[in-house]
Amino acid sequence: MEDALLIGYGAIGVVYSYIIQQSGRARLTVVARSNFDAAKQGGIVLNSGQFGKITDFRPHRVLSSVGEAADRAYKYVFIATKALPDVLPTSKILEPLLALSYEFPQPTYVLLQNGLGVENDLYKKLLERDGSTPPQIITCAVNCISMMVGNVVEHKARTTLEAGLYIPHGSVTSLDRTIPANVEAFRSLMEAGGGDIRLVENVQAAKFKKNLWNIMFTTFSCLTRVPLAFYVKTPDLWDDKVMPLLLETGTEVAAVGRALRFSEADFPSNVAEETIAFSVETMKDWDINSNHKVSTHLDIEAGKPFEVEVIVGEVVRLGKALRVSIPSWTTGIRIQQSDPPGALHVMEIEIEIMKRCYGAIGVVCEYSKIQTEFASDAGVIAESYIIQQSGRARLTVVARSEFDAAVLSSVGEAVDRAYKYVFLATKALPDVLPASKILQPLLAISYEYPQPTYVLVQNGLGIQNDLYMRLLERDGSPAPQIVTCAVHCITMMIGNIVEQKAHVRKPQTLLEAGLYMPDGCVMTLAAAVPANFEEFRILMEAGGGDIKLVGNAQATKFRKNLLQVLSAHFSPYWLLYCLTRVPIAFYVKTPSLWDDKVMPLLLETGKEVVAVGRALGFSEEDLPSNAAEVGIAFCVEMTKDWDVNVNHKVGTQLDLEAGRPFEVEAIVGEVVRLAKKVGVLVPR
């Protein structure tokens, strides 16, 4: 009997360990890293729809490292780890077997991994090691609905394996010729253990087809933190919102497969529709509250790295190489590594995924096009009306993407005079187009007039930093005059129409404003209020604006930012909200969804953010301990008279629909940076 080695003892690893063991044709050694103790001491429980209930399952040998396993020759080495080339490449995992000091013949490697391009790293390393000897890699599309919690694996239905010999550069293995002996022996091993296996000529087409499911369904479930059964079993949500979106995004990815010239038999034209139908059929008998989660979802909850690089990133790279447009996926994200190298914090992963929504690691957004395509915000119109109505100012408006003859189209055109105030009501996008870049013509030394008081009518935290530093560099010792505001304005702009909904307390825009003080300083309102600040208040009130001057502007903005975190911008349901294009009223007005799913998660998320504010030293008055609860109650109150089908959308959703950048860096990223600075965990 020959030896086989399996590395990676998660749900997939357990299922295939059982199949190999049951074949009676191999002594199986398993390397179980994170769950070594459970596998070694207590055994594994396998609840399988295919094999029945197996308690206390134990392979021939269980080891804790690949180094320990390098004591013998193996016919096959199965890799069932997550494919994380950006964190821990397969060649690094297999280093003890690939080292020249490993004295046995190289085995056939079998990759039981999700994603595309997972073979590249290992193939290259084997070529470097053995020169002209062709590496023997069997790569597989694994269709296995399984989940592992603790030492229990829940395995639904049957597992099927589509496998083929990896041939680089997209070549196809002809099954008309003699099948290589090691591939045929592998098939025989699987079948002897009760596994369903099909050898395929174009294994990359099979893997791309499987990856289509992952990129559509796994990504969606992970971004929203909701098990898939909930969507499929909620008809009004599935039929009208989720399914059309999955079809749209899946069709984009399928176009990449067509450009790779996969045959119609291997990759049908209607593959996106087939993938959706397959998923619906698979889950037809599942309960709506089924807690079965894809493994990536479990990885996120556990704070582990997950397979976005090979599932999403490789598709985006292929799309760009083949010049196939996949707009839902190519806005680009990056995942930052933490110390020690190779360790990823789920906190950072979530933020970067939200940053560009559906994206892929290492795919950089081509900002050259989008930098000049910001829409005029509805808030600009509301504030402009108030200023104009005050009768105390001649107003010049710069509207870039919604330019009309009545206004100017660039800041450069507006530098022909002195201004008492410059209101900045653009989206706060410090990572795309900083405020100092927008205001460059006014900040230039060539601007011959005195610097105005800048009023930032923007969402987010830390938005003053860039402008403040630039003003200091420009003028030296004079303290920059920046009024920063928390804007409570329920508006939406489509075309040239602005819809402004009544505020809960008053039918106007509510502005809480303070003079920006660096380093968290607080302005005492008991002292004399600066003249320009007082005049700003009078200007707003004269125009019918609802304004409140505050001493601690940063605490006020933090509290407003919490509302955006809760209602639209931070929690996993913000992603659901924007990805499904579903206005927030739908969630609030759907009790089964709101009470059991959304509201508890928002509360948990909000409390994490409030903890950051408390650690920053904000007072109980400025940021109450129950601010998360208050924020949720505010959102519910705000929408209490709205219809469930109201189409009011936050600016972020409109930006997403128009393919523009959005404010996640200032709203979410700054919270995370502050949390790290003050040592507060914000795992959500």
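**Notebook: contacts, rings and loops in a predicted model**

Contact here means heavy atoms within 4.5 Å.

Ground rules next. This is a predicted model, where local features need pLDDT of at least 70 and side-chain atom pairs count only at pLDDT 80 or more, while totals for chains, interfaces and linings use all residues. Residues are numbered from 1 along each chain as its sequence is written, and side-chain values use heavy atoms, with hydrogens and water left out.

**Confidence**

I looked up pLDDT, the predictor's confidence in each residue, from 0 to 100. The protein chain has a mean of 76, and 76% of its residues reach 70 or more. I flagged residues 331-382, where pLDDT stays under 50 and the model has 139 contacts beyond four places in sequence. I also flagged residues 568-576, again with pLDDT under 50, and with 44 such contacts. Where pLDDT is low, the predicted coordinates should not be read in detail.

**Overall make-up**

I found 27 helices and 17 strands in the protein chain. These are DSSP runs numbered from the N terminus, helices being H or I with at least four residues and strands E with at least two. Of the 684 residues, 55% are buried. Buried means under 20% relative accessible area, exposed over 50%, and partly exposed in between, with a 1.4 Å probe and protein chains only.

**H1 against H7**

I checked helix H1 (residues 11-23) against helix H7 (residues 181-192): their axes come within 7 Å and cross at roughly 95 degrees. H1 and H7 are therefore roughly perpendicular to each other (65 to 115 degrees; under 35 is roughly parallel, over 145 roughly antiparallel, the rest oblique). H1 brings Tyr16, Ile19, Ile20, Gln22 and Ser23 to the contact, and H7 brings Leu189, Met190 and Ala192. By type, the residues of this contact are six nonpolar, two polar and no charged. Nonpolar covers Ala, Val, Leu, Ile, Met, Phe, Trp, Tyr, Cys and Pro, charged covers Asp, Glu, Lys and Arg, and polar the others, Gly among them. Axes are lines fitted to C-alpha atoms, for helices over the stretch in contact, with angles from 0 to 180 degrees between N-to-C directions.

**Rings**

I searched the whole structure and got 18 aromatic pairs. Rings of Phe, Tyr and Trp (its six-membered ring) pair if their centres lie within 6.5 Å; planes under 30 degrees apart are stacked, over 60 edge-to-face, the rest tilted.

Tyr18 and Phe51 make a tilted pair, 5.1 Å centre to centre with 55 degrees between the planes. Tyr18 lies in helix H1 and Phe51 in the loop between strands E3 (44-48) and E4 (52-57), so the pair ties together parts 33 residues apart in sequence. Tyr18 is buried at 11% relative accessibility. Together with Phe57, Tyr18 and Phe51 form one aromatic cluster.

I then took Phe423 and Phe536: their ring centres are 6.0 Å apart and their planes at 45 degrees, so this pair is tilted. Phe423 sits in strand E11 (residues 421-424) and Phe536 in helix H20 (residues 531-542), 113 residues apart. Phe423 is partly exposed at 23%, whereas Phe536 is buried at 0%.

**Two loop residues**

I found Ser625 in the loop between helices H24 (591-615) and H25 (627-638), partly exposed at 49% relative accessibility. Beyond its neighbours within four places in sequence, Ser625 contacts Val610, Arg614 and Glu620.

Glu103 is in the loop between helix H5 (95-98) and strand E7 (108-111), and is exposed at 66%.
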